[in-house]
Amino acid sequence: MLCPGDLRTGRAGGIGTCIAHLRAEMPRIDPSLRIEQYDTRGPGSLAAAPLYFLSALGQVGRHVLAGQPTILHAHMAPRGSSVRKLLAILLAAPLRIPTVVHLHGSGYDQWYRSLPRPARAALRWAFRRAGRTIALSEGWRRFLLEEIGLPADRVDVIPNGVPDPKVAGCPEQRTAHFVFLGHLSRRKGVSTLLAALASPGLAGLDWRATLAGYGDSEPYREEARRLGIAGRVEFPGWLDRAGTDSLLASASALVLPSHAENLPMVVLEALAARVPVVATPVGALPEFLTDGVSALLVQPGEAGELAAALERVIREPELRGRLAAEGRQVFERHFDVAAMTRRVTETYARLLGHGG
C-alpha cells in the first residue's frame, strides 16, 4: 500500500487510519494476505518527499524481483498525493503489477476540475490504468464514472470502516465537553467553531472544548484569547490512538464543521462510540447521516447555526441520547471495519480474476 504520509505524525490523516485498520483486521479476514505500507511523502518537509517516494518504489520493485504476487494499492488524495501515485502507476504499468486506486481526500472533484486539461488527462489515464478503483460512497462513484470516465464494472463502493470501541462515549456530565479531532485548518472550520463557542447563547452555559490535531495551533489559541474563551478551550496537539479513544470517551459531542470532506474517519469513530455528531453536510456525509436524526448538520462557515446546534446539545439530554443511539445504528449498518476489510479482499479477488 502506498500511503501519503507517516501515520506516526498524523500527516497521513484519515488515510493512515484507514490503512492501520485494514492491517489490523486483515489477519482475521484473510490470513493469507500480508499488507506492507510504504510512505511516499515522508514526515518532514517537502524537500525530503522525493527520497521517500523513491524508497517506496524501490520496496515495490524488490517484491516484484522476488517473484512475490504483489498488488499495488495506491491511496490517492488531491495535489501531491495524486502526482506521486500517478508516477507510481506509470512505473507499475510495464511491470504488469495489478493496481488498485483508492480515492480519498476532501474536495477531490473540485481540485480535479481546477487542473489544466493535460493534467486532467494524465489523471484520467492513471485511474483507467488501474485494474479497479475504490470509491467511499455512491457520490464519489458517480464522479469517477461521469468525469473520469471509468467503466461501472471497475469501480467498487467501499465506505471507510472503524473498529467497535471498547468504551462508549457521550457520558452524562455537568460540563458539556465538545471535541474536535482533525487538522487545525480553515478547511476543517476551526475558526467557525471558535466563533460559535464565543456566541452569546453559549456564554452562560457550562461547557469546555478540546481541539486536538496536527497543525499550527498558535493562531487559533490567539483567536480564542481574542474571543474571550481561552480558559475553556484546550489544544493538546496531535494524539495517538489511545489519546484519541480517551478523548472521544469523554465527549458530549464530536464537532467537525468542515468546508470539505470525503468520508472523515473521526465521524465514523464517534458514531461507533455513541458520541453525538455535529458536522456539515459535505462529501459523503449526507449519504449516511440525517439532520436531527443521526446527527446535527449545519452549513459550512455558519457560526450562528453551529452555535445553535451546540446549545441544543447542552440543553437537550434527550436529543443527545437519540443522536447517540441513531448514530450507532448508522455505524452498524455501514462502517464496521470487518465489513470494509472483507470488501477490500473481494476487490483484490476481482482484480486477480478470482471473483465476480
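Just after helix α15, G353 takes a positive phi of about 80°. This is a predicted model, where local features need pLDDT of at least 70, side-chain atom pairs count only at pLDDT 80 or more, and totals for chains, interfaces and linings use all residues. Residues are numbered from 1 along each chain as its sequence is written, and side-chain values use heavy atoms, without hydrogens and water.

Now follow α15 itself. Helices are DSSP runs of H or I with at least four residues, and strands are runs of E with at least two, numbered from the N terminus. The 15 residues of α15 (337-351) should span 21 Å at 1.5 Å a residue, and the end C-alpha atoms are 21 Å apart, which agrees. That expected span is 1.5 Å times one less than the number of residues.

Buried means under 20% relative accessible area, exposed over 50%, and partly exposed in between (1.4 Å probe, protein chains only). The buried residues of α15 include V337, M340 and L351. Contact means heavy atoms within 4.5 Å. The buried residues pack against α1, β3, β4, β5 and β6.

Next, the charged pairs. A salt bridge puts a side-chain nitrogen of Lys or Arg within 4 Å of a carboxyl oxygen of Asp or Glu. The structure holds 17 of them. One joins R328 and D164 (2.7 Å, N to O). This pair links distant parts of the chain, 164 residues apart. R328 counts as buried at 9% relative accessibility. D164 is partly exposed at 43%. R328 also forms a salt bridge with E332, with the closest N and O atoms 2.9 Å apart.
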